[in-house]
Amino acid sequence: EAAGLADLFTVECGDATVFDVSRVDAVFCDPARRAGGTGRRIFDPNAYSPPWDFVTRLAERTPRTVVKVAPGIDHGLIPAGAEAEWVSVDGDLVEAALWCGELAEVPRRATLLTEKEGTVDSSERGAAGQLTGTGDREADVGAVRRFLHDPDPAVVRAHLVAELADELHATLADPAIAYLYADTPTLGPYARCLEITDVLPFSLKRLRALLRERGVGRVEILKRGSALTPEQLRRDLRLA
């Protein structure tokens, strides 16, 4: 009504699983992923409301279907031919969606948005970038190099690290850990760039001494593929 479009809509409350989708050209479905009453998160897709098998059949019954899904969705659940998109805002992964039928353009997409003041020019607020690809490629593995690029979580969840590696002329140091290493820094929306000054065998004593020698009083600890607990390490470093 506020947008002056009230005459274009009707609202019906009912059971989604018995709605006659032949009446419409497109369907948007946001299945409930929490249990009624308790609010507990549901991990079995067929316990969603409506259940996952109904949701996936929608794409077969209508020419255009969009499904809002959890960002942690198993790629094995994505229907064949659908475009899966992950969206982040200012580096935080916030949602994912499946675009089916005529709405699918590419297999995988990472969309990066920004809303913080000062992060981009005001004319560019909202859209920071989009990266697309197949989602099944693997990046090359090589040595640790001078610059580390930490990919945006939407890129990681969309399995587009290999596509980003191509853009950055970068490689992985470990095939299972999404840190990309390159000889030159590249600034852009898809990854945060950090310069590597030291590569050390892990030793609490050595790390503490190095940080104190350089006058470091506050640290940000990033870790993947390790049982290390950043909060405990921060306490153990005892920095001033």
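This is a predicted model: local features need pLDDT of at least 70, side-chain atom pairs count only at pLDDT 80 or more; totals for chains, interfaces and linings use all residues.
**Group meeting: a walk through the model**

Let's start with the overall shape. The C-alpha trace spans about 70 × 40 × 40 Å along its principal axes. The radius of gyration of the chain is 22 Å, whereas a compact globule of 240 residues would come in near 18 Å. As for burial, 33% of the 240 residues count as buried. And if you take the contacts with a separation of 6 or more, 63% of them are between residues 24 or more positions apart.

Now, the spot I'd like you to look at is Asp152. You'll find Asp152 in the loop between strand E7 (147–151) and helix H2 (153–157). Setting aside neighbours within four places in sequence, Asp152 touches Ser88, Gly91, Leu112, Pro189, Tyr190 and Ala191.

Last stop, the aromatics. The count here is one aromatic pair. Why do we call the pair of Tyr48 and Trp52 edge-to-face? Their ring centres are 6.3 Å apart and the planes sit at 85°, and an angle over 60 degrees counts as edge-to-face. Are these two buried or exposed? Tyr48 has 13% relative accessibility, so Tyr48 counts as buried. Trp52, at 8%, counts as buried too.

Key:
Residues are numbered from 1 along each chain as its sequence is written. Side-chain values use heavy atoms; hydrogens and water are left out. Rings of Phe, Tyr and Trp (its six-membered ring) pair if their centres lie within 6.5 Å; planes under 30 degrees apart count as stacked, over 60 as edge-to-face and the rest as tilted. Buried means under 20% relative accessible area, exposed over 50%, partly exposed in between (1.4 Å probe, protein chains only). Helices (H or I, at least four residues) and strands (E, at least two) are DSSP runs, numbered from the N terminus. Contact means heavy atoms within 4.5 Å. The radius of gyration is taken over C-alpha atoms; the globule rule is 2.2 Å times the number of residues to the power 0.38.
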